[in-house]
Amino acid sequence: MLYYFQFKYNIVKIKLLSHSKKVFLILYRINQYSSLLDNNHKSEIFQNIKDKIIDLDEFVFLTGAGISQESGIPTFRGPEGLWRKYDPMILASISGFNKNPKLVWEFYKYRQELICNCTPNHGHRAIAEFQKIKNSSVLTQNIDGLHEKAGTKNIVELHGNILRMQCTECEFQETIEQKIDQPLPPVCKLCKNILRPSVILFGEPLNPDRWTEAERLSSDCDVMFIVGTSLNVGPVNQLPLYAKRNGAILIEVNPEPTAVFNEIMDYSIKGSATEILPQLLQLQKNKY
Ligand code: APR
């Protein structure tokens, strides 16, 4: 009797398997077809973009954590985002720093040591190459210095740079070459007060000179590429509106198009920075 059920079970299993094979093949074909559609759609977008921007002159890249994600630096709000694990109000705010500077320094030291070992990716390098063909500036929210490492010029580091530190009292500043080997929080060589990372902490205003420069560049540009940012944080998330008001073309590059600002984008290209930016660079190169 048992053999009978075993035999029946095997028949059913073979039928299920062959059935699931057919289902698998159908799903595979659908997937193939949709990615073909996707690629056709993407190449249509690229051709459209090329026609629109090829003769324009002033370009701005507004970048966020997403452009450095493929260099190994975690984003803030993605599934693996830093703010999923750590509370930014305790570890990345001015009130947190005033309350417990040692704890905030431990967090930034951890991030500095991670960033020190990261290198620019194809996305950073494509922007540096783009600058050799077209007038372009980079407005970055990133504090990792990877745009500069990639050879990019005309960078406005809106949120500062984690590889620099400054005195909380006097004008002293210092670049961190490698690891900080002083006890935390480090103290100023000149006035012995504590140092802080040269970054904008939550609850602080942006540097007025850098903000004015960012407003000017955004208001004067013909095209703004918005790359790897959720546009969650003001006032930087207002810069695409400055560009739009000036009649600029807005082109977003992000695997997950931003929710709030999506409707003002002229183009929203779904993809990673390392995949899309070299293709956008090629559009410009193909003109020459
Ligand atoms: N290529 C392009 N975009 C990517 C990639 C990638 N490989 N990976 C993730 N992204 C996108 C995500 O879809 C998301 O929209 O990058 C964006 C990252 O968003 P956030 O983590 O919110 O980072 P960002 O927008 O830079 O945050 C702004 O918030 O916490 C503060 O000071 C911090 O500068 C930061 C600011």
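This is a predicted model: local features need pLDDT of at least 70, side-chain atom pairs count only at pLDDT 80 or more; totals for chains, interfaces and linings use all residues.
Residues are numbered from 1 along each chain as its sequence is written, and side-chain values use heavy atoms, with hydrogens and water left out.

Okay, strand 1. Helices and strands here are DSSP runs numbered from the N terminus, with at least four residues (H or I) for a helix and at least two (E) for a strand. Strand 1 covers residues 58-63, and five of its six residues are buried. By buried I mean under 20% relative accessible area; exposed is over 50%, and partly exposed is in between, using a 1.4 Å probe and protein chains only.

Who does strand 1 pair with? Strand 2, residues 135-140, is one partner: the two run parallel and six bridges join them. Within that pairing, L62 has L139 as its bridge partner. Strand 7, residues 223-227, also pairs with strand 1 in the parallel sense, over five bridges, and there T63 stands opposite V227. For two strands to pair, DSSP has to find at least two bridges between them.

Now the salt bridges. We count one when a side-chain nitrogen of Lys or Arg is within 4 Å of a carboxyl oxygen of Asp or Glu. How many turn up in the whole structure? The search finds 10.

Let me pick out a few. E113 bridges to K109, with the closest N and O atoms 2.9 Å apart. These two are four residues apart in helix 6, residues 101-116, so about one helical turn separates them. E113 itself is partly exposed, at 26% relative accessibility.

Next, R196 and E204, whose closest N and O atoms are 2.7 Å apart. Is R196 buried or exposed? R196 is buried, at 10% relative accessible area, whereas E204 is partly exposed at 22%.

Then there's D266 with K244, the closest N and O atoms being 3.1 Å apart. D266 is in the loop between strand 8 (249-254) and strand 9 (267-270), and K244 is in helix 10 (residues 239-245), so this pair ties together parts that are 22 residues apart in sequence. Both ends are partly exposed: D266 at 37%, K244 at 32%.

On to the ligand. It has 21 residues around it, and the closest are F76, R77, T229, S230 and N254; to be counted as near, a residue needs a heavy atom within 4 Å. By class, that shell has seven nonpolar, 11 polar and three charged residues. For the classes, Ala, Val, Leu, Ile, Met, Phe, Trp, Tyr, Cys and Pro are nonpolar, Asp, Glu, Lys and Arg are charged, and the others, Gly among them, are polar.

Which atoms reach the ligand's oxygens? An N or O atom in the side chain of N254 is 2.7 Å from a ligand oxygen. A polar side-chain atom of H159 lies 2.9 Å from one, and for Q141 a polar backbone atom is 3.2 Å away from a ligand oxygen. Taken alone, the ligand exposes 730 Å², and the protein buries 90% of that.

Definitions and conventions:
A polar contact is a pair of N or O atoms within 3.5 Å; within protein, one must be able to donate a hydrogen and the other to accept it, and residues adjacent in sequence count only if both atoms are side-chain atoms. Accessible areas come from the Shrake-Rupley method with a 1.4 Å probe; for residues, only the protein chains shown count as cover.
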